[in-house]
Every structure is written in C-alpha cells, then in structure tokens.
Amino acid sequence: MTISIVLVEDHTVVRQGLRTLLDSQPEIDVVGEAASGAEALELVDRFHPQVTILDLMMPGMSGFEVTTRIQDLTQVVILSMHASEAYVVEALRRGAKGYVLKDASSEELIAAIKAAALGQRYLSAPFSDQGLASYIEKAKSSPADPYETLTRREREIFKLVAEGLSSQEISAALSISPRTVEVHRANLMHKLGLENSSDLIRLALRRGIIT
Amino acid sequence: MVYDSEIWLVGKTADGALAHRWRDEDESRQLSQLKLVIHLQPISDASLSDSDRYALAVLQNGQPTYFSSQNAFTTTGYALIQDIKGESSILMTLQIPRVSYQKGQLLSNYLLIIMVAGGSIFAIMTWLLISSLVLSPLLRLNREVAAITTSADASQRLSLSSRRDELEQLSRNINGMLTALEQAQAQVREDENRLAQLTGEVQEAERRHLAQELHDEIGQALTGLRLMLVRAEELPVIQQKTQLKQAQSLLNDLVEQVRQLSLNLRPTMLDDLGLLPALLWHVERFQSQTGITVDFTHAGLESLRFPQDIETAAYRLVQEALTNVARHACVQQVSLSVWCRDNKLTIQVEDEGNGFDVPSALSRGSTRGLPGMRQRVQFLKGKLTIDSAIGEGTRLLAEIPIPPTGVSP
C-alpha cells in the first residue's frame, strides 16, 4: 500500500532534493509536483493525493491559504523553515496535519508523511504538544478587564487612592514626585473609565482591593 | 417829546423798563431819532381794520394798553383816549419798528448758519482724521497681509510706521507671528533633514553591520566549509565520514545564522502571522538576550490583522522601547501592555528604572530615538506620551487609531 503524494515547493533545487528523497522510499509515490499555490490547488483537485507536502512560504498564495483550501481533500504536511510555535499553531489551526522544519532529518519527513496518511498529527523536533500549549496560553488575551491593563505602579497608586491618601501622601509613601503620582492617577482613571474618586473607591470595594 | 412818549408807552410795563435798561446809548440815540406814526381814529369809524377792532374790544374790557405784533417789522400799540365827557371815543394806534426782534431774528439765522457750517466742517475734519489715522492704514495692512498670504512666503514682513497705535501694534504682532511661523517652518525643515539624515545613518549602520556580519561570520564559515569539503576528498574514506559530519554541523550553524540575520532585519512573523505572534517572539528573544523579564499582557489582539503600516509601527515601537529599557533603565523587569479597544491600539511600556529628562531626550542628538518614535506614531495620526523623570522610571504610551476597515481576523 503506497502513499500518494503531491509535492509543492517553489524552489526548484529544494523540490528536486525532496523528490529524490521521496522517490527512494518504496512506500511513497509522488503523483505530482507544483511550484506555486495555484498549481497545488489544481493538482490536488485532479489527483486527490493522500498527502500533500506543502512549502509554507511561497510567493503569491501562501502555504497557509493553500492549506485552508485543500485540507478537506488531502492531508497536509507543512514544510517550513520557521522554527516558531506561532507558525505551527497557525498551520494546525488552518487544518494541517504535520509540521516539519526544512532542516529536519529525512526520517522526520517520512515519519510525518506516514502519520498524516493515517490522519495523525506529527510535529518535527523541537516542537512538542507542551510547547504548543504554552504558546497558546501566552497568545491568549488577558481577560477583557481594564484593571488588568494597569501597571504595577498604577495598581499601587489605585490602592493608595482608594485608601484615601492624597497625592502628596502617596508621593511620600512611594518616594516619587507628586507630579508623577498625578500622571499615574490620571492614567489609571482614564484606563478604568472612572470619573472621580468615589467611582474609584466603589470599584476598589467591589474588587476587594480595599475592605 | 417823542423820547418821552416812548417812555410813557414802555414805562407802563415791566418788560419795557427792562428793555430800556438793556439799551446802550447808541441805541437810545437811534430810538430818540425815531419818527413814530400815530393814528387817532374815532372808535365809531367804520374804516377800522379787524386788528383795530380786536384791540378796541380788549381795551374796552378795561385793559389800559394793548400791543400786537402784526408782522416782523412793526409792533402796534393801542390806547383809548377819553373825550370831554370822559367816555372812550378815540382809538390811538402807534406803530413802533421791531428793531430788536429783527436783530434777534438775524442773529438766530446767523447762529443757525454757523452751526450748520461748523457741524459740516467738524464732520469733514473728523472723517479726514479717521481716514488718515485708521482707514488708510487698515487698508494698507489688509493689502500687505493679502500679498503675504498669496505669496505664502513667511520671510516677508509688514511695513511699520513710527506711529504708536493699535494698528501699528497689530502689524508688529503679525510680524511677530510671521517670524514664529518662519522659525517653525525652518524647524520642521531642519527636523525633516535631521530625520532623513538619521534614517540615512541608521540605514548605513544597518548595512555596515549586515556587510560585516556577511563577511566575518557567514563568509568565514562558508570558506571554512569549502576547505573542509575539499579536504574531505583527500582524506581516507574512514575519516571522510567524520569530516562530513563536521561540515554538516557547520552548515546547520550557518543556516541558523542566516535565519537570525534575516529576523533581525524584519521578523517574517510580522507579515505572515501578524502583530501578536511577532511581539510574542520578540519578547521571548529580548528576554533571552538581555535577561530582563518582560511582563507582557495583551488584550483584543488575538488572531487580528491590522493594516501593515500600523503593525510595523507598533512592532518597531515596542522593539525600540524595549531596547531603550535594556540600554538605559538598569532594571530586571519591564512591563509591556498592548491592547486593542474601541478602534484604538494602545501600547504601554513601563519600567521603574533610571528614568530621564524627557525634554532633553526629545531634542536632537539623543540616542534614545524618541523623535523617530514620535514621528512614526504621529504619521499614523496617533499620540505618543512619555512620562519620565530622573530616578522615577519611564512610562511610554502610544495610542494609534485603527481605521474602521483596518481590522481583519
């Protein structure tokens, strides 16, 4: 049982190198080669290969876009030189099954093709599910809570204002100039959309910053 | 006789006495030469005029005398003369010329003429005065200002006279404004030149760095690689394998170096994936290169794409702000917040480090690149606020408006 493959890569030298590698594998059958996203769409539509090896960075239609459009017809293995989780996450989000770095070993590429043919996910080293999860966590928006956008200094001043200290007293307590206190104070009021000190105290009470 | 008669006539009334007292000798003499016309008519005379009859009626009512001014020239006095029987039977009329009245009339006419003439002269004088003092300088001012406006040349000045009035003051103020405008234009030109020069310098420095990097690092490594491969040919087969392994590892290093070099110029992520992935990547790299912890919070950016110029500006702004923190702030931690809300992208970089004097850093010759940052933000119609003071940390806040159609998922 051989795996049918369409190979999409705009650099001829790289494509030939890959072709040589794939042809040397008895269980892999390269049914078509494309040098652009548009060609790729056409070949995939014609051959319905089990797996499409797709270069991420191509002029014109990018690998991401091609992935979105062919992922229902074939299993996509992305070939990329970008060793960043951001790219992997985006590729998987678009429906790719595998992500292999261009400088990964040939064994990894073959493994990725075999896994994709079975509908399984494969990421070449150094990527791991753990790494991806940590990236996804970092890329998550902070809760849409204006308080979260306050800096540490602004939070300190917020608390002291809520406790009823004057700018002079806060300036003394934090050893910064009264003007700086005023600037921070104006900024935090603006960020939180507060009009006056009693709004601020209400918010501080509601959030349990003061009791 | 006549003189006496006048006294008799006027002496009967207080008015007459008063009039007499006002007259000077000349007038009195003139009066003395007057020839008065006296008529005596029986009251039963049918030829009595209407005015005579009216006077008669008044006199018969018991009034001793009656005067009437029939026209502008004469006053007529009436009195009744009794006959032997003691009955009033003769009406005496005496016609006196109205000299004072005529003089008064004349005087009042003269006065009227003088007033009209005087008023006209005053009006003409006033108009001439206003015209020479206000109107013509105002017109001149207007002409000169219009000329400068059309020529759009701020180096021109209004002509000044030696007068010290409001218009002159206005001209001076306009000249002052032109001077300020000229200076501002010169400043803008200088800033532009400076920016162009700086951009040129930065570009040149980047090229020099790139050339050096290519030559020293990449070039050397490639030469080394070639030597290794050439030597591999000459080596016995057993050693060839080790040599090729080394060459491969050198090649991997090279690939990595080229990649880093390219990323330094512009992270491909910014174009491929957008602002947030590029910032996350940069923060990661910044932390590992500088050892400074970046407390990065963001909201409303996930999976969003902004117009390319905004993404580039935002990325460069964060990059430069973080570089400044690493260079100048002497801190171990910096907080970076980026959020997009209500069509506005806000970037805040804050540290509690050394701080600096903002005005002097914003002026020329600063190494912090603040003018460039400000220019970048202003170019996108945004606002850059920098709060800092020596010893009190730095807070940089950039707010960039996002065009309504500029956000795409």
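**Exercise 1: a sheet in chain B**

An open sheet of five strands in chain B runs in the order β5-β6-β7-β9-β8, and its pairing is mixed. Strands are DSSP runs of E with at least two residues, helices are runs of H or I with at least four, and both are numbered from the N terminus. The model is predicted; local features need pLDDT of at least 70, side-chain atom pairs count only at pLDDT 80 or more, and totals for chains, interfaces and linings use all residues. Residues are numbered from 1 along each chain as its sequence is written, with chains lettered from A and ligands numbered from 1 in the order in which they are written.

Task: which strands stand at the edges of the sheet?

Solution. 
1. Two strands pair if DSSP finds at least two bridges between them.
2. β5 (293-299) and β8 (383-388) of chain B each have a single partner strand, so they stand at the edges.
3. β5(B) pairs with β6 (residues 333-341) of chain B in the parallel sense over seven bridges.
4. Within this strand pair, B:Phe296 has B:Leu336 of β6(B) as its bridge partner.

**Exercise 2: two helices in chain A**

Task: at what angle do the axes of α7 (residues 152-162) and α10 (residues 197-206) of chain A cross?

Solution. 
1. Axes are lines fitted to C-alpha atoms, for helices over the stretch in contact, and angles run from 0 to 180 degrees between N-to-C directions.
2. The axes of α7(A) and α10(A) cross at roughly 105° and come within 9 Å.
3. Therefore α7(A) is roughly perpendicular to α10(A) (65 to 115 degrees).

Notes:
Angles under 35 degrees count as roughly parallel, over 145 as roughly antiparallel, 65 to 115 as roughly perpendicular and the rest as oblique.
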